[in-house]
Amino acid sequence: MYIFYNLCSLVGDARHQDLVSWNPTGTSFLICNVKKFAQVVLPEYFKHGNFSSFVRLLNMYGFHKINKSPRGQRGNENEIWEFSHPQFQKNRPDLLKDIRRKAMDSEVLRR
């Protein structure tokens with residue numbers, strides 16, 4: 001899906017390595033300084049700067065947040081967010097086609 005090719009480019013963009021990068025094994029990506037990431041990087045790749053919408057999109061497609069920040073740093077600009085998905089890996093664009101939107105829970109559909 002186009003969104004995830006875009007996300008791959010974003011994570012691998014050397015210009016923004018201080019804000020977003022792959023983890024050492026290439027199985028997840030980290031976002032540092034969420035506020036600056038939302039102001040600088042998101043609008044360049046996703047036509048908006050809303051970090052909450054970005055996280056919602058990731059969740060909708062099965063990405064998981066891995067909590068990395070110590071308790072004292074949660075909620076400040078130094079908080080580190082890490083996301084993973086089995087089909088989103090460094091240098092593996094062939095896997096991106098297998099990322100699918102999560103099926104809606106039947107209980108949610110009844111509301």
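Reply: Happy to! Two strands pair if DSSP finds at least two bridges between them. Helices (H or I, at least four residues) and strands (E, at least two) are DSSP runs, numbered from the N terminus. Residues are numbered from 1 along each chain as its sequence is written. This is a predicted model, in which local features need pLDDT of at least 70, side-chain atom pairs count only at pLDDT 80 or more, and totals for chains, interfaces and linings use all residues, while side-chain values use heavy atoms, with hydrogens and water left out.

Let's settle on strand β2, residues 28–32. Four of its five residues are buried (under 20% relative accessible area, with over 50% being exposed and anything in between partly exposed; 1.4 Å probe, protein chains only), so β2 is largely enclosed by the rest of the structure.

On one side of the story is strand β1, residues 20–22, which pairs with β2 in the antiparallel sense over three bridges. Here Ser-21 stands opposite Leu-30 of β2. The hairpin of β1 and β2 has five residues between the strands, and in this hairpin Gly-26 takes a positive phi near 75°.

The other partner is strand β4, residues 80–84. Five bridges join β2 to β4, and the two run antiparallel. In this pairing Ser-28 stands opposite Ser-84 of β4.
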